[in-house]
Amino acid sequence: MRHPPGGYQVARIGEDPEAFEAFYREHVQAVLRYATRRSRDPHAAADLVAEVFLAAITAAAGYREELGSPIAWLYGIARNVAAAEDRRAARAWAAEGRIAGRRLLDGDDIARLEERIDAECQARALLARMAALPASQRAVLELVAMDGLTVAEAATALGINTVAARVRLHRARRALKDAPETTLPDSAPPLSSLMEA
């Protein structure tokens with residue numbers, strides 16, 4: 001069996017603290033980028049990162065290497081955690097009128113997360129631009145162009161076959177390329193960089 005570059009076995013991160021630490025150190029920045037693109041609030045971004053790794057610990061025993069790389073597996077978990085959080089927030093908003101309560105972060109944590117959120121501003125602008133795409137195309141494009149997964153890894157994270165992922169990616173790129181340039185926000189990266197990804 002081939003082992004990931006971090007020297008750990010993903011299936012062991014739920015029972016071996018050293019394996020989890022190596023896994024966490026290798027992937028925390030990718031999960032943090034994912035979280036800060038989806039939130040303007042440092043507390044929510046920190047919560048999402050923590051929830052993703054907690055879910056990974058719980059699901060680790062079921063990891064199967066033949067279905068995809070550890071990062072593709074982790075992005076699949078992140079998407080599920082983010083979707084579950086969105087559903088939970090919507091229910092809480094409807095029930096309470098607003099979401100209350102945040103986990104406590106110190107000033108340095110908030111400053112670092114605010115810097116990351118600011119750094120992901122262009123990515124959020126691009127996500128707004130991509131919002132016009134069908135959800136299935138947008139999901140593949142996001143995982144490949146923004147999260148750096150291969151098409152096969154994105155397919156694994158989304159639970160679809162590689163051919164379907166390639167078709168959706170092609171259609172998404174074509175739709176963005178054919179759209180009028182004036183619809184892009186000034187702060188968004190050029191389409192050429194997205195098309196090259």
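Which residues line the second largest pocket? In this predicted model, the lining consists of Tyr 24, Val 28, Gln 29, Leu 32, Ala 46, Val 49, Ala 50, Leu 105, Asp 109, Arg 112, Leu 113 and Arg 116. The space in the second largest pocket comes to about 240 Å³, and its lining divides by class into 8 nonpolar, 1 polar and 3 charged residues. At least two lining residues come from each of helix H1 (17–37), helix H2 (42–59) and helix H4 (107–119).

**Overall architecture**

The protein has 9 helices and 0 strands, and its elements, read from the N terminus, follow the order α-α-α-α-α-α-α-α-α. Of its 197 residues, 40% count as buried. When contacts between residues at least 6 apart in sequence are considered, 62% of them join residues that are at least 24 apart.

**Packing of H7 and H8**

Helix H7, which covers residues 151–158, packs with helix H8, residues 162–178, at an angle of about 105°, and the axes of the two helices are 8 Å apart. Because angles of 65 to 115 degrees count as roughly perpendicular, H7 is described as roughly perpendicular to H8. On the H7 side the contact is made by Val 151, Ala 152 and Ala 155, while H8 brings Thr 162, Ala 165, Arg 166 and Leu 169. By class, the residues of this contact between H7 and H8 are 5 nonpolar, 1 polar and 1 charged.

**Two alanines**

Ala 19 is located in helix H1, whereas Ala 61 is found in the loop between H2 and helix H3 (70–96). Is Ala 19 buried or exposed? Ala 19 counts as buried, because its relative accessibility of 8% falls under the 20% limit for that class. Ala 61, by contrast, has a relative accessibility of 69% and therefore counts as exposed, the limit for that class being over 50%.

| Pair | Separation in sequence | C-alpha to C-alpha distance |
|---|---|---|
| Ala 19 and Gln 9 | 10 residues | 6.8 Å |
| Ala 61 and Gly 14 | 47 residues | 7.1 Å |

Notes:
Residues are numbered from 1 along each chain as its sequence is written. This is a predicted model: local features need pLDDT of at least 70, side-chain atom pairs count only at pLDDT 80 or more; totals for chains, interfaces and linings use all residues. Side-chain values use heavy atoms; hydrogens and water are left out. On a 1 Å grid over the protein atoms alone, a cavity is a set of points where a 1.4 Å probe fits but cannot get out, and a pocket is an open set with protein on both sides within 12 Å along at least five of seven lines; lining residues have an atom within 4 Å of a point. Grid points are joined across faces, edges and corners, and a volume is the space filled by probe spheres set on the points. Helices (H or I, at least four residues) and strands (E, at least two) are DSSP runs, numbered from the N terminus. Ala, Val, Leu, Ile, Met, Phe, Trp, Tyr, Cys and Pro count as nonpolar, Asp, Glu, Lys and Arg as charged, and the others, Gly among them, as polar. Axes are lines fitted to C-alpha atoms, for helices over the stretch in contact, and angles run from 0 to 180 degrees between N-to-C directions. Angles under 35 degrees count as roughly parallel, over 145 as roughly antiparallel, 65 to 115 as roughly perpendicular and the rest as oblique. Contact means heavy atoms within 4.5 Å. Buried means under 20% relative accessible area, exposed over 50%, partly exposed in between (1.4 Å probe, protein chains only).
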